[in-house]
Amino acid sequence: MKLKESTAGEKRGTAPGGGGRILVLHGPNLNLLGEREPELYGHTTLAHIDQELREVGAELGYSVESFQSNSEGALVDRIQAARGRLVGLIINPAAFTHTSIAIRDALAMLGVPMVEVHLSNIYRREPFRHHSTIADLVDGRIVGLGAHGYVLALRAVAHMVEARRSSQSS
Ligand code: DQA
């Protein structure tokens with residue numbers, strides 16, 4: 001279902017009758033999901049994950065937009081462009097998880113519910129993957145559940161958006 005948005009709604013990231021826009025960000029090498037180390041990351045492609053997120057989002061009343069880049073600067077630019085235009089965010093920064101202060105600083109400006117996702121269980125892997133620059137910034141984290149982790153993250157973000165709205169309206 002395509003949500004029609006007003007100009008004011010567009011600015012806030014909310015849509016009349018809808019829950020608003022949720023942005024999904026994918027970091028480097030995730031464009032190769034399906035082909036890339038499938039024993040670690042599974043056989044599902046990124047296009048399939050994004051399609052499922054759009055469908056589940058529409059069922060929940062949200063418009064889900066996805067963006068993948070292999071470049072840290074492009075991810076920072078996309079986060080900056082989303083300021084004031086989204087209600088929630090899901091991010092798998094991939095390798096930038098372990099290194100990027102720039103992505104952390106950009107996310108810190110958003111002020112919306114955020115969930116970090118990793119397909120693999122990063123705590124079962126090399127020690128350098130155990131540190132995340134955004135772990136303490138995000139509201140929640142889902143690791144090791146493969147592609148399904150994104151759907152769980154979307155439901156969690158939607159739940160937090162609604163909880164926030166009902167606490168603001170009461
Ligand atoms: C990953 C884990 C990272 O350590 C790795 O660099 C990735 C993918 C994951 O989804 O499991 O590219 O974020």
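The points below cover confidence, the sheet, a helix and the ligand shell.

This is a predicted model. Its chain has an average pLDDT of 91. A sheet of 5 strands is described here, along with the residues around a ligand.

**Confidence**
- A pLDDT of at least 70 is reached by 89% of the residues.
- Residues 1-12 stay under 50 in pLDDT. For this stretch the model has 13 contacts beyond four places in sequence.

- Strand 2 (62-68) and strand 5 (140-143) stand at the edges. Each has a single partner strand, so one side of each lacks a neighbour in the sheet.
- On average, neighbouring strands are turned by 20 degrees against each other, with direction ignored.
- Strand 1 covers residues 20-26.

- Helix 3 spans residues 46-60 and lies across strand 1 and strand 2.
- Against strand 2, helix 3 runs at about 160 degrees.

**Ligand shell**
- Around the ligand are Asn 29, Asn 92, Ala 94, Ala 95, Thr 97, His 118, Leu 119, Ser 120, Ile 122 and Arg 129.
- The shell has 5 polar, 4 nonpolar and 1 charged residues.

How values were computed. Residues are numbered from 1 along each chain as its sequence is written. This is a predicted model: local features need pLDDT of at least 70, side-chain atom pairs count only at pLDDT 80 or more; totals for chains, interfaces and linings use all residues. Two strands pair if DSSP finds at least two bridges between them. Helices (H or I, at least four residues) and strands (E, at least two) are DSSP runs, numbered from the N terminus. Axes are lines fitted to C-alpha atoms, for helices over the stretch in contact, and angles run from 0 to 180 degrees between N-to-C directions. Two residues are in contact if their C-beta atoms, placed from the backbone, lie within 7 Å. A residue is near a molecule or strand if its C-beta atom, placed from the backbone, lies within 6 Å of it. Ala, Val, Leu, Ile, Met, Phe, Trp, Tyr, Cys and Pro count as nonpolar, Asp, Glu, Lys and Arg as charged, and the others, Gly among them, as polar. pLDDT is the predictor's confidence in each residue, from 0 to 100.
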